[in-house]
Each structure stands twice: as C-alpha cells, then as structure tokens.
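Good morning, and thank you for coming.

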Amino acid sequence: MRIALFVTCLNDAFFPRVGIATVTLLERLGHTVTFPAGQSCCGQLHANTGHRAPARDLERHTEAAFAGHDVVVSPSGSCVAHLRAHTRLPVHELSELLVDVLRVTDVGARFPYRVTYHPTCHGLRMLRLGDRPLRLLAAVRDLELLPLPEPEQCCGFGGTFALKNAAVSGAMLADKCAHAVATGADYLAAADSSCLAHIGGGLARRPDAPRPVHYAEILAATGPGATG
Amino acid sequence: MTPPPGRHLPIVAATPFPRAAAGALRDTQLRATLGRATRTIRDKRAAVVAEVPDWERLRERAARVKEDVIDRLPELVDQFARAATAAGASVHHAADAAAANALVTELVRARGVDRVVKVKSMATQEIGLNEALAAAGVTAVETDLAELIVQLADDTPSHILVPAIHYHRGQIRELFARRMPGFSADSDDPAVLAGAAREYLRRTFLSARVAVCGANFAVAETGSLVVVESEGNGRMCLTLPDTLIAVVGVEKLLPRFTDLGDFLRLLPRSSTGERMNPYTSIVTGVTPGDGPRRLHVVLLDNGRRRIAADPVGRAALRCIRCSACLNVCPVYERVGGHAYGSVYPGPIGAILSPQLTGQDAGHNATLPYASTLCGACYDVCPVKIDIPAILVHLRQTGPKPAAERAAMAWLAWTMRDRRRWRAALRTARSGGRPLRVLTRRHGGRLRRAPWPLSAWTAHRDAPLPAGESFRDWWRRTHDR
C-alpha cells in the first residue's frame with residue numbers, strides 16, 4: 001500500500017526518530033511510504049490556544065499538501081484528532097492504520113524491555129483507540145507489558161496549558177511520573193510525542209524512572225536498543 | 001440581547017485562574033481531601049452508570065430534549081407561566097440578578113418575616129441572593145448540611161453538589177462548636193455531626209414561614225417544579241412554610257412531564273453515584289390544605305438568552321448541575337473549586353461563568369484556559385455537553401495577549417511555506433547545536449531556560465531540536 005506520512009512539526013524538528021521509526025516499520029511490512037514535503041503543522045496548537053485564523057490557514061495548508069493521497073498516517077493521536085475534526089483528509093493514527101486497515105497486530109518487532117503504556121487523552125477519548133496500541137505492544141517479542149496505575153488520567157501537558165497553568169500542569173505531571181516510576185518499567189510508551197516530551201522531561205528529573213519512548217519506536221525495533 | 005450582568009456577582013473571578021490555582025496547590029491538606037473525595041464519587045458514578053445498558057441512548061435523548069428547550073426558550077417560558085399560574089402559582093420574570101434579588105426581597109418583606117429557610121440552589125448562589133436578603137435585614141438559613149457548613153464558616157461553596165468538599169470532619173466539628181447554637185458534641189463522627197445539624201435545623205424548619213428554593217427541572221406543560229435532594233431538608237422547606245419562593249433559571253425547563261423520566265435516571269447516577277436520590281419533590285401550584293399556600297416562581301434569565309444565541313456556547317445551557325465533570329477533572333481535583341472564583345467551578349464553570357458574565361468581567365477570560373482539554377468531562381456529561389469544544393470556542397472568541405497573537409501569526413506564516421519552514425528548522429537545529437553539546441550529560445535536554453520557557457523548565461526538562469530534522473533525514477535517505 002502507498003501510505004503518505006504526516007510526521008507532525010514537533011517530530012520533524014525535535015523527535016525525527018519517531019518519524020524514522022514509522023517509516024522503518026511500514027517499509028518492513030512491505031508498504032511504500034511517501035513524505036509530501038509541503039507539510040508542516042496541522043494547526044492544533046493555534047486552534048487550541050484560541051487562534052482560529054492562523055489555525056485555519058494551517059489546516060488548509062495541510063489539506064493541500066496531502067491532496068490526492070488516499071491513505072495518510074501520523075504517529076500522533078492529537079494531530080490526527082485535529083485533522084479529522086477540521087479537514088477531510090483520510091488520516092489514520094498509526095495503530096488505527098496497522099490494526100484496522102493493514103490488519104496486522106504482530107509487526108515482527110522485538111524489544112526486550114519492561115514497558116508501561118500511557119494512553120494519551122486524544123487517543124483515548126477523541127480517537128477511541130481503545131486497546132489497539134496495547135495489542136500491538138503485546139505482540140512484540142520479549143516485551144513485558146506492565147500496567148500503569150490510573151492510566152486514563154491526563155499527564156497535564158495540554159499544549160500551552162503547560163505554560164499558562166504551569167503549576168497545575170506540574171502537579172499533574174508529578175502524579176503521572178510517580179505512577180510511571182511505581183511500575184518499575186524500563187520505558188514509558190505513548191502515542192503522542194508532545195505528551196512524551198512533557199512526561200519525559202519530568203521523568204528525567206527522577207531517579208530510577210522509565211525512559212520515554214513513542215510506541216512506533218518499539219514497533220520498529222527488532223532487537224535491543226530503543227530505535228530500530 | 002441583554003447586556004452582561006453586574007461584575008459583583010459570585011460568578012466573577014477576582015483573581016486570574018493560574019494565580020488562584022497555584023495558591024490552592026500549596027494547600028496539601030486540601031489536595032489530599034479533594035483527591036480522596038473526588039475519587040470516591042468518581043468510582044461510585046462509574047459503577048452505577050455501568051449498570052445501565054442504554055446509558056448512551058439516555059444521554060442522546062436528554063441532550064436532544066435540552067437542545068429543543070434552548071431552541072424554544074421564550075415559547076416554553078410562556079407555556080410554563082400559563083400552566084403554573086393556572087395551578088395557582090404567581091410567576092415573575094427576572095432579566096438579571098438585580099431584578100431577581102429585588103423581586104425576592106420584596107416578596108419576603110411582604111410576608112413580614114426577617115428569616116427564610118433555603119433549599120440548596122445554584123441559581124440563588126449565582127445571583128448572590130443571601131447577601132441581597134441580608135442587606136435588606138433578612139437572614140437566609142441554608143438547610144442542606146454542606147451548605148450550612150459553608151454558611152456557618154462564612155465561606156463560599158467549592159463544588160456544585162458537595163459545597164463543603166474542601167472540609168474534613170475535624171474542621172467541621174471545630175466549626176460547629178464555634179458557630180452552631182447549642183452544639184456540644186466532642187466527636188467528629190459524621191453521624192454525630194449530622195445529628196447535631198439535624199436538631200439545629202429542625203428548630204429552624206418548624207418556625208419558618210417563608211422558604212426559598214430553586215428547581216432541578218421545571219415542566220412547561222404542567223407548570224411543575226421538581227426538586228431532587230438527598231437529605232429531606234428540601235421536602236421540609238417545600239411543605240412546611242406557608243410561602244414558597246422558587247428562583248429558577250429558564251434553562252431548567254423541560255417541555256413535557258414525561259421528559260422527567262430520563263432526567264431522573266441520569267441525574268442521581270451522574271451526581272451522587274446513586275441509582276435513585278432519596279427525595280424527589282414535585283410542586284405544581286398550590287393545593288388547599290397541603291403544602292404552601294402561596295407559591296412564587298421567579299424565572300431567571302441573567303444572560304441565558306444571550307448564551308442561547310451562540311451556536312457553540314449554547315450547549316452549556318443543557319447542564320443539569322450534576323457535577324460529574326468536576327469529579328473527573330484532573331485540574332479541579334488538584335486545585336478545588338475556589339480557584340475558579342465562581343459558584344460554578346470545574347469544567348462546567350469554566351464555560352458557564354465567562355458566558356453568563358461576558359469574558360470581560362473580572363478574570364473570567366482566564367477560565368477557558370483552566371483545562372488541558374483532556375475530554376474526561378465530555379465523556380461523563382449526562383447531557384453530552386462537549387465542554388472541550390466550548391472551552392476552545394471561548395478561547396477563540398476571548399481576549400488574547402498581543403505578543404501571543406504575534407507569535408502565533410508568525411509561526412503560522414513560517415509553517416505554511418515550505419522554504420520558510422525548512423529554513424526555520426535549520427535555524428533551530430544550528431541554534432540548538434551548542435546547547436546539545438552543553439546538555440550532553442542530561443541526555444541532550446535543557447534543565448533551565450529563560451522566560452517564558454522557564455515556565456516549562458520549572459517542572460520538566462525541555463527537549464532540544466534534533467541534530468537532523470526528519471525532512472533532512474528523508475532527503476538523505478529517500479529522495480536520492
């Protein structure tokens with residue numbers, strides 16, 4: 001299948017390894033990945049911070065960048081939710097593409113670590129990803145999945161909420177980090193690099209904390225090491 | 001279009017939410033109390049909602065009924081007024097808080113009393129009725145246990161359903177000892193405390209001649225008021241005094257009596273986590289020899305018709321004040337209700353207060369930002385109010401700092417052009433290079449950043465732009 005990748009602006013600039021993992025995984029499964037170079041940001045940041053006009057510009061821009069593509073995938077639950085609400089693009093979150101469209105749960109990955117999974121809010125409540133990411137992770141060889149306490153609680157990121165309401169965001173983060181540390185996992189996986197940047201930034205300040213990883217990186221891995 | 005009501009109302013935040021919230025977070029006792037309480041109600045609600053197989057259909061139906069009410073507000077107000085009047089009630093219309101307070105004060109004065117008993121009511125809280133009555137020399141005694149606690153403490157409620165949720169029982173015993181006439185118990189056993197309050201209230205009920213209540217629902221078809229409660233204090237107030245004055249927001253209307261069925265199933269499960277509430281009272285006009293001899297209904301607008309005209313914001317008027325959204329909100333759970341500066345706290349308060357007052361009132365424009373948009377509130381709302389969507393809508397229609405506007409416009413301008421975006425990525429990458437070297441021992445993350453990013457690094461490390469952007473990697477590996 002020919003699949004167009006919407007890598008997201010955040011991954012493009014800060015976490016290219018998540019995009020690389022998505023490409024590696026899909027190519028390993030025998031698909032052709034394209035990267036429409038006109039893409040940048042879906043407009044979610046602008047819209048949710050209250051700036052509708054620039055958000056609309058970016059939504060139209062993204063729509064134009066992906067015009068003519070039948071299948072679009074993105075490793076970001078929140079960007080997919082935004083595009084789905086504001087454009088007509090046929091966009092799938094990575095686990096939706098794998099489980100629903102490509103009908104695969106065992107992607108041939110190996111990741112010999114203990115992993116806990118945080119279901120991010122957009123994936124959980126807007127996209128209703130359900131157990132798709134967990135089923136994908138459960139099929140990874142040598143991976144031990146450890147349940148995260150109070151998984152459905154928001155991590156406190158919320159885009160500019162993290163800056164505008166820094167104290168509340170920090171309090172929510174502290175609780176999420178405490179739950180993550182309590183699992184004893186090596187890695188905390190999630191479906192959104194933005195939440196992971198926030199949680200990972202908090203975990204980095206705690207001893208014996210799991211390291212943040214996008215679940216695409218785990219699915220791309222075929223041996224020890226975080227990225228495939 | 002009515003102009004926004006007065007700025008003095010108890011629905012106007014006097015402090016910006018971030019500052020009030022930061023203050024509340026420092027109260028570790030409060031956080032522990034709230035965490036325990038919200039978790040308990042949250043779990044109870046989840047358990048009893050799971051028992052109802054057609055819960056989603058119920059929510060859909062209730063949302064549709066409420067949307068119909070919002071569509072036909074003026075018509076249903078008229079229908080209710082006609083039916084209630086025919087049943088023997090006197091119906092009054094109040095455009096705003098001041099008009100409602102004046103009406104009620106006048107009605108109380110006409111009975112020649114200086115004390116009224118009250119059933120817990122959000123509408124009277126919203127308009128500051130107790131304060132208005134006090135200014136006219138009338139004491140309003142709250143008879144709901146938690147409202148009584150808040151009143152004895154000269155405090156304000158911090159939760160829609162559980163106004164004293166921020167108190168633990170030791171504090172309540174101490175408060176009763178100080179402020180409740182005749183209290184002598186030295187135990188903080190909840191049963192003992194409730195017993196003392198019951199004795200105190202019983203004396204009040206028996207001597208009261210005027211009661212003031214709100215209504216959970218008002219049926220247009222029959223002119224009936226419906227009051228849902230747990231303690232029986234409402235039943236006392238609705239039946240013992242000879243004059244009953246109800247202050248009812250116009251959005252409480254339901255078209256038909258049969259609409260009540262769905263709402264009476266949705267409300268208790270959503271609010272207290274009970275299958276059914278202990279007391280449901282339905283008052284239709286006056287009946288000789290039974291209940292009050294005089295019934296006044298004050299239908300309150302106070303900004304509601306203005307909200308009804310906003311195609312996105314109007315869904316807030318569906319709210320039945322169950323407070324399920326408060327109990328699941330991660331922000332509310334950590335900061336409590338007072339941080340919202342309004343008698344309507346939590347997610348519903350963040351969309352209701354700024355709409356009722358207009359966003360230019362006090363610091364109400366900061367309330368729509370008091371959320372991560374996590375969506376937990378929308379999931380539990382029994383009338384399916386898409387609270388996150390309304391929060392975003394209010395952010396988009398509300399005031400924003402000029403610097404933020406400029407930054408967002410610049411960012412979008414850069415991002416919607418391929419060459420500008422690539423140049424920006426390269427600038428970020430080379431700008432980040434020295435930082436990447438300096439922060440190597442922190443795993444390439446920034447521990448401390450200057451303002452405004454210091455708000456980020458106060459709580460977490462910041463990531464740095466990668467050494468090679470994704471698109472550069474793609475060009476190197478795929479665009480050969």
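How many helices and strands has chain A? Chain A has twelve helices and eight strands, where helices (H or I, at least four residues) and strands (E, at least two) are DSSP runs numbered from the N terminus. The radius of gyration of chain A, taken over C-alpha atoms, is 17 Å, close to the 17 Å that the globule rule (2.2 Å times the number of residues to the power 0.38) gives for 228 residues, so chain A is as compact as a globular protein of that length.

Before going further, a word on conventions. This is a predicted model, in which local features need pLDDT of at least 70 and side-chain atom pairs count only at pLDDT 80 or more, while totals for chains, interfaces and linings use all residues. Residues are numbered from 1 along each chain as its sequence is written, chains are lettered from A and ligands numbered from 1 in the order in which they are written, and side-chain values use heavy atoms, with hydrogens and water left out.

To return to chain A, its C-alpha atoms fill a box of roughly 45 × 45 × 25 Å along the principal axes. Of its 228 residues, 63% count as buried, that is, under 20% relative accessible area with a 1.4 Å probe, protein chains only. Contacts (heavy atoms within 4.5 Å) between residues at least 6 apart in sequence join, in 73% of cases, residues at least 24 apart.

Let us turn to chain B. Which strands form its open sheet of four? The order is β8-β5-β6-β9, with mixed pairing; two strands pair if DSSP finds at least two bridges between them. At the edges stand β8 (253–254) and β9 (279–284) of chain B, each with a single partner strand, so one side of each is left without a neighbour in the sheet. Strands β5 (residues 217–219) and β6 (residues 224–229) of chain B run antiparallel and are joined by three bridges. Within that pair, Phe217(B) stands opposite Val226(B).

Finally, the cysteines. Cys374(B) is buried, with a relative accessible area of 9%, and Cys377(B) is buried at 8%.

Note on methods:
Buried < 20%, exposed > 50% of the residue type's maximum accessible area, 1.4 Å probe, protein only.
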